[in-house]
Amino acid sequence: MKFKPADNIQDLQYFGEFGGVNPSISDSSTYTFLSAKTMFDTFEGNADGCYLYSRHTSPSNLYLGEALAAMEGTETANVAASGMGAITPVLLQLCDAGDHIVSSRTIYGGTYAFLKNFTPRLNIQTSFVDITKLEVVEAAITKNTKVLYCESVSNPLLEVADIKGLAALAKKHNLKLVVDNTFSPLSISPVKLGADVVVHSLTKFINGSSDTVGGVVCGTQEFIDSLKSVNDGASMLLGSTMDSLRASSVLKNMRTLHIRMKQHSLNASYLANKFEADGLTTVYPGLESHPSHTLFKSMWNEEYGFGGMLTLDVGSLEKANELMELMQHKNLGYLAVSLGFYKTLFSAPGSSTSSEISEEEQAEMGLTDGLIRFSIGLDNDIKRTYQMMKACMKEVGIL
Ligand SMILES: *Cc1c(COP(=O)(O)O)cnc(C)c1O
């Protein structure tokens, strides 16, 4: 049966305390107990539905978590104060000192820096591999490996992970497959393809208004409970908790995610096809020239398309900067990092969001100086946008 992520979100029903159509916001850091015994039981993790302290959880955070779990088809979820605040506890919960991680080498710069520079201090080592080659991934697995880590669509190179293939490897070697699905919410449902844990930066498409950072971990009840354990839960103890007011605002934005994703995909697809036909070096999973185009289609929830991210290689950082400045000047978007906004956002990842990755490693993975990453906006008239972008490209001598 087809998986229907947006329908699953919409099937949830909750009212505010006084019948408001939005759930009431829990404006408390701590909660009263009618009996001392219940407080004890809650600390032991045995009092379902009781709230203790908002670093552990709050009603507003649970509502948002439920919506995200429904979207990913997991038993439950735990929201966090940022994407990194979701990703880092997951990895620390799954790995002890001496353990090993096999990770895609094209991942978000912050995650890369965490695995490359930070976790070695805890004696957790990571091998970075080309995630599109299953035999290379398998060869990197050692007896200490605990986690396979990847992004369904990678930042910034838009490589696509074969989640079913990776899940089979994880199963064979008794590993946990953790997938960052930030670039492809609704389009790809990693747990339905065999992943164990899905993480998102809510900062991007899911919240969609570039007004906050946020994150989520979607997984089994058992795993999420372990993250929240008052005794040894990495989320609980590292303390990256989302504020209730913010959780309620992210939930409200999430209600239009399906409409926004369709429009992001439609617009990005239009531009990618035009740019490629113009002879520009364009990477977009929706293009037949993309090495994983067919793979993407074997995994997707079709109605949400190939997503809103595309890259252009314009040859040099100078040209990239010139073009981005001109496009901003013409109000075609903003020269900014991040993604998933109503406006198009563009940046040159080599010198910004992926600058944590050394120049040699960037070269090895194919991250060139002239690469521009676009997060295509919700433009109502994308044909007009294309004409205006083309004029900018002509002006800087790329076309
Ligand atoms: C932005 C991003 C993150 C980190 O999220 P924050 O909310 O900035 O902490 C992680 N993974 C991907 C793919 C991202 O784009």
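This is a predicted model: local features need pLDDT of at least 70, side-chain atom pairs count only at pLDDT 80 or more; totals for chains, interfaces and linings use all residues.
1. Domain layout. The domain assignment of the protein gives two parts: domain 1 covers residues 5–254, and domain 2 covers residues 257–395. Taken over C-alpha atoms, the centres of domain 1 and domain 2 are 27 Å apart.

2. Extent of the interface. Contact between the domains involves 39 residues of domain 1 and 40 residues of domain 2. The area buried between domain 1 and domain 2 comes to about 3300 Å², and carbon and sulfur atoms give 64% of that area. On the side of domain 1, Leu-158, Ser-187 and Phe-205 supply 21% of the area buried against domain 2, more than any other three residues.

3. Polar and charged links across the interface. Between domain 1 and domain 2 there are 14 residue pairs in polar contact, with both residues at pLDDT 80 or more. The count of salt bridges between domain 1 and domain 2 is one. A salt bridge is formed by the side chains of Glu-361 and Lys-116, with an N to O distance of 3.0 Å.

4. Make-up of the domain 1 face. Which elements give two or more residues to the side of domain 1 that touches domain 2? They are the helices α1 (5–10), α5 (109–118), α7 (163–172) and α10 (244–254). The largest share of this side, five residues, comes from α5. By residue class, the side of domain 1 that touches domain 2 divides into 21 nonpolar, 13 polar and five charged residues.

5. A five-stranded sheet. The model contains an open sheet of five strands in the order β8-β9-β12-β11-β10, and its pairing is mixed. At the edges are β8 (281–283) and β10 (334–335), each of which pairs on one side only. Strand β10 runs parallel to β11 (residues 345–347), and two bridges join them. In this pairing, Leu-335 has Phe-346 of β11 as its bridge partner.

6. Salt bridges in the model. The count of salt bridges comes to ten. In one of them, the side chains of Lys-4 and Glu-303 meet at 3.6 Å, N to O. Lys-4 lies in the segment before α1 and Glu-303 in the loop between α12 (293–299) and β9 (309–313), so this pair ties together parts that are 299 residues apart in sequence.

7. The peptide bond from Asn-155 to Pro-156 is cis, with omega near 0 degrees. Pro-156 is placed in the loop between β4 (145–151) and α7. The loop between β4 and α7 also holds Leu-158. Although Leu-158 is not a glycine, its phi is positive, at about 60 degrees.

Definitions and conventions:
Residues are numbered from 1 along each chain as its sequence is written. Side-chain values use heavy atoms; hydrogens and water are left out. Domain bounds come from an automatic or database domain assignment. Contact means heavy atoms within 4.5 Å. Buried area is the accessible area (1.4 Å probe) that two parts lose on being put together, summed over both. A salt bridge is a side-chain nitrogen of Lys or Arg within 4 Å of a carboxyl oxygen of Asp or Glu. A polar contact is a pair of N or O atoms within 3.5 Å; within protein, one must be able to donate a hydrogen and the other to accept it, and residues adjacent in sequence count only if both atoms are side-chain atoms. Helices (H or I, at least four residues) and strands (E, at least two) are DSSP runs, numbered from the N terminus. Ala, Val, Leu, Ile, Met, Phe, Trp, Tyr, Cys and Pro count as nonpolar, Asp, Glu, Lys and Arg as charged, and the others, Gly among them, as polar. Two strands pair if DSSP finds at least two bridges between them.
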